[in-house]
Amino acid sequence: FPGGAAFAGPEGLRKAMAAQSGLFVRNLTEKLFTYALGRGLERGDRATVGAIVARVEKEGFRMTALIDAIVMSQPFQMRGKNAD
């Protein structure tokens, strides 16, 4: 883990991830958002990622909240519309 934190076993992993839930959610959001958009994240995507993370935290870190927020985001809704 960042900073050299160690853990032992599945329960230790769960506790380590819970202690850094904000970092975990942001990283997962960035990875899923990148996949959903079919491109790398750009500087303009930072605000959207932040809004998605805030929504997911507010809704109890549910995976369905993450997927819904990505699908409802403007970058996802607009993907491919500029390609001619």
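Q: Which residues make up the largest nonpolar core?

A: Before we start, keep in mind that this model is predicted. The core has 11 residues: Val 25, Phe 33, Leu 37, Val 49, Ile 52, Val 53, Val 56, Leu 66, Ala 69, Ile 70 and Phe 76. Helix H2 (21–37), helix H3 (46–58) and H4 each supply at least two residues of this core. H3 gives the most, with 4 residues.

Q: What makes Ser 73 buried?

A: Buried means under 20% relative accessible area. Ser 73 has a relative accessible area of 6%, so Ser 73 is buried. Ser 73 lies in the loop between H4 and helix H5 (74–78).

Q: Which residues is Ser 73 in contact with, leaving aside its neighbours within four places in sequence?

A: With those neighbours left aside, Ser 73 is in contact with Phe 33, Thr 48 and Ile 52. The side chain of Ser 73 also reaches the backbone oxygen of Ile 70, at 2.7 Å.

Q: Why is Met 72 called exposed?

A: The label exposed needs over 50% relative accessible area. Met 72 has 53% relative accessibility, so Met 72 counts as exposed. You can find Met 72 in helix H4 (residues 63–72).

Q: Which residues make the nonpolar surface patch of about 360 Å²?

A: Met 63, Ile 67, Val 71 and Met 72 make this patch.

Q: Why is Glu 30 called partly exposed?

A: Partly exposed is the label between buried, under 20%, and exposed, over 50%. Glu 30 has 29% relative accessibility, so Glu 30 counts as partly exposed. Glu 30 is found in helix H2, and Glu 30 touches Leu 41 and Val 49, not counting residues up to four places away in sequence.

Q: How far apart are Glu 30 and Val 53 in sequence and in space?

A: Glu 30 and Val 53 are 23 residues apart in sequence, and their C-alpha atoms are 9.3 Å apart in space. Val 53 has contacts of its own: leaving aside neighbours within four places in sequence, Val 53 is in contact with Val 25, Arg 26 and Thr 29.

Q: How do you know that Arg 39 forms a salt bridge with Glu 42?

A: A salt bridge needs a side-chain nitrogen of Lys or Arg within 4 Å of a carboxyl oxygen of Asp or Glu. The closest N and O atoms of Arg 39 and Glu 42 are 3.9 Å apart, so the pair meets the cut-off. Arg 39, at 29% relative accessibility, counts as partly exposed, and Glu 42 is partly exposed with a relative accessible area of 49%.

Q: How many salt bridges does the structure hold?

A: The structure holds 7 salt bridges.

Q: What makes Arg 55 and Asp 68 a salt bridge?

A: Their closest N and O atoms are 2.2 Å apart, and the cut-off is 4 Å, so the pair counts as a salt bridge. Arg 55 lies in helix H3 and Asp 68 in helix H4, so this pair ties together parts that are 13 residues apart in sequence. The side chains of Arg 55 and Glu 59 also meet in a salt bridge, at 3.0 Å from N to O.

Q: Which residues do salt bridges that share partners join into one network?

A: Arg 55, Glu 59, Arg 62 and Asp 68 are joined into one network.

Note on methods: Residues are numbered from 1 along each chain as its sequence is written. This is a predicted model: local features need pLDDT of at least 70, side-chain atom pairs count only at pLDDT 80 or more; totals for chains, interfaces and linings use all residues. Side-chain values use heavy atoms; hydrogens and water are left out. Patches are made of residues with over 30% relative accessible area and no salt bridge: like charges are joined within 9 Å, nonpolar side chains (Val, Leu, Ile, Met, Phe, Trp, Tyr) within 5 Å. Accessible areas come from the Shrake-Rupley method with a 1.4 Å probe; for residues, only the protein chains shown count as cover. Buried means under 20% relative accessible area, exposed over 50%, partly exposed in between (1.4 Å probe, protein chains only). A polar contact is a pair of N or O atoms within 3.5 Å; within protein, one must be able to donate a hydrogen and the other to accept it, and residues adjacent in sequence count only if both atoms are side-chain atoms. Contact means heavy atoms within 4.5 Å. A nonpolar core is a set of buried Ala, Val, Leu, Ile, Met, Phe, Trp, Tyr and Cys residues joined through side-chain atoms within 4.5 Å.
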